[in-house]
Amino acid sequence: MKLTERQEKIVNLVKESSPMTSEQIAGQLNLTRATLRPDLAILTMTGVLDARPRVGYFYKDDSMRSSIRERMRYLRVGDFKSVASSVKESITIYDAVVAMFTNNVGSLIVVGQERELRGMVSRKDILKASLGKTELQQVPISVIMTRMPNIIMAYSDESVMEAAHKLVRHQIDSLPVVDILIDETGNERCDVVGRFTKTNVANLFVELGY
Ligand code: ADP
């Protein structure tokens with residue numbers, strides 16, 4: 001696997017003095033722990049470093065590394081997701097096309113007033129609407145979106161393998177990443193916190209050196 005410059009620095013630090021906590025590594029590199037999190041996740045899951053709870057990170061030599069495939073199962077969606085690219089269900093189909101170009105995405109997550117998941121609109125939904133007599137500048141996307149409860153979702157603590165399987169199994173390009181919240185009346189709400197797409201999976205494979 002080809003490491004980034006920052007990942008190399010982390011490995012060299014930990015090689016010199018194992019174990020190191022993420023606070024210590026962040027301190028040495030003048031970075032926040034949040035910035036380091038994806039790098040530490042990659043280094044741990046690919047077996048370059050070993051993470052022991054409440055102790056810190058250790059350097060592992062080649063003979064100790066287990067297979068990348070096995071470790072892929074431990075990578076979390078929350079560490080590799082993209083920003084949500086969400087829109088309100090009242091926007092018109094025309095504005096959804098503009099939002100797709102502006103955000104450089106192929107599908108949009110549709111949310112309600114409190115960022116709760118309502119549906120998804122993809123390129124094909126819009127193409128289908130444009131074949132008929134639909135007034136693209138008048139009709140809201142709520143009319144053409146795929147709506148809850150038929151949306152396939154991902155969760156931050158789910159493995160990227162599991163989420164990638166959902167993309168393949170359901171033949172879709174992206175999954176909204178949600179936190180399940182329970183409101184005062186006991187109702188479940190899916191709070192949108194990101195997006196997990198085929199592009200995230202492709203980037204991950206490149207990152208892991210496939
Ligand atoms: P494209 O339209 O570019 O092929 P997708 O394959 O993602 O994009 O979408 C195909 C269909 O699946 C569309 O009708 C879309 O509304 C729907 N869809 C997209 N994402 C999801 C999802 N996460 N859950 C359920 N349906 C989805």
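Student: Which residues are buried in α8?

Tutor: In α8, the buried residues are V160, A163, A164, K166 and L167. They cover an arc of only 155° around the axis, so they sit on the same side of α8. The arc is taken over the directions from the helix axis to the C-beta atoms. Buried means under 20% relative accessible area, exposed means over 50%, and partly exposed is in between, with a 1.4 Å probe and protein chains only.

Student: What should I know about the model before going on?

Tutor: It is a predicted model, in which local features need pLDDT of at least 70 and side-chain atom pairs count only at pLDDT 80 or more, while totals for chains, interfaces and linings use all residues. Residues are numbered from 1 along each chain as its sequence is written, and side-chain values use heavy atoms, with hydrogens and water left out.

Student: OK. Which exposed residues are on the face of α8 turned away from its buried side?

Tutor: V168 and R169. Then, following α8, comes Q171, with a positive phi near 50°.

Student: Which strands does α8 lie across?

Tutor: Helix α8, residues 160-169, lies across β7, β8 and β9 and runs at about 90° to β9. Axes here are lines fitted to C-alpha atoms, for helices over the stretch in contact, and angles run from 0 to 180 degrees between N-to-C directions. Helices (H or I, at least four residues) and strands (E, at least two) are DSSP runs, numbered from the N terminus.

Student: What order do those strands take in their sheet?

Tutor: The order is β7-β8-β9, in an open sheet with mixed pairing. Its edge strands are β7 (154-155) and β9 (188-197), each of which pairs on one side only. Two strands pair if DSSP finds at least two bridges between them. β7 and β8 (residues 174-182) run parallel and are joined by two bridges. Y155 has V178 in β8 as its bridge partner.

Student: And the other sheet, what is the strand order there?

Tutor: That open sheet has four strands in the order β3-β4-β5-β6, again with mixed pairing. β3 and β6 (146-147) are the edge strands, each pairing on one side only. β5 and β6 run antiparallel, joined by two bridges. G119 has its bridge partner in β6, namely R147.

Student: Which helix lies across β3, β4 and β5?

Tutor: α6 does, running at about 120° to β4. α7 also packs on the sheet, where α7 touches β5 and β6, and its direction makes about 70° with that of β5. Contact means heavy atoms within 4.5 Å.

Student: Which residues of α6 are buried?

Tutor: In α6 (residues 93-103) they are I93, A96, A99 and M100. Seen down the axis of α6, these buried residues fall within an arc of 105°, so they line one face of the helix.

Student: Why would that spacing put residues on one face?

Tutor: An α-helix has 3.6 residues a turn, so residues three or four places apart point the same way.

Student: What covers the buried residues of α6?

Tutor: The cover includes β3 (86-88), β4 (107-111), β5 (117-122) and α7 (123-131). The face of α6 turned away from the buried side carries the exposed residues F101 and T102. N104 follows α6, and the phi of N104 is positive, near 55°.

Student: How many residues lie between β1 and β2 in the hairpin?

Tutor: Three, and R54 in the turn has a positive phi of about 65°. β1 (residues 49-52) and β2 (residues 56-59) run antiparallel, with four bridges joining them. A51 stands opposite Y57 in β2.

Student: What does D79 touch?

Tutor: R37, P38 and A41, not counting residues up to four places away in sequence. D79 is found in α5 (residues 77-80). The C-alpha atoms of D79 and S156 are separated by 7.6 Å, although the two residues are 77 residues apart along the chain.

Student: How many helices and strands does the chain have?

Tutor: Nine helices and nine strands. Of the 210 residues, 42% count as buried. The C-alpha trace spans about 65 × 40 × 30 Å along its principal axes.
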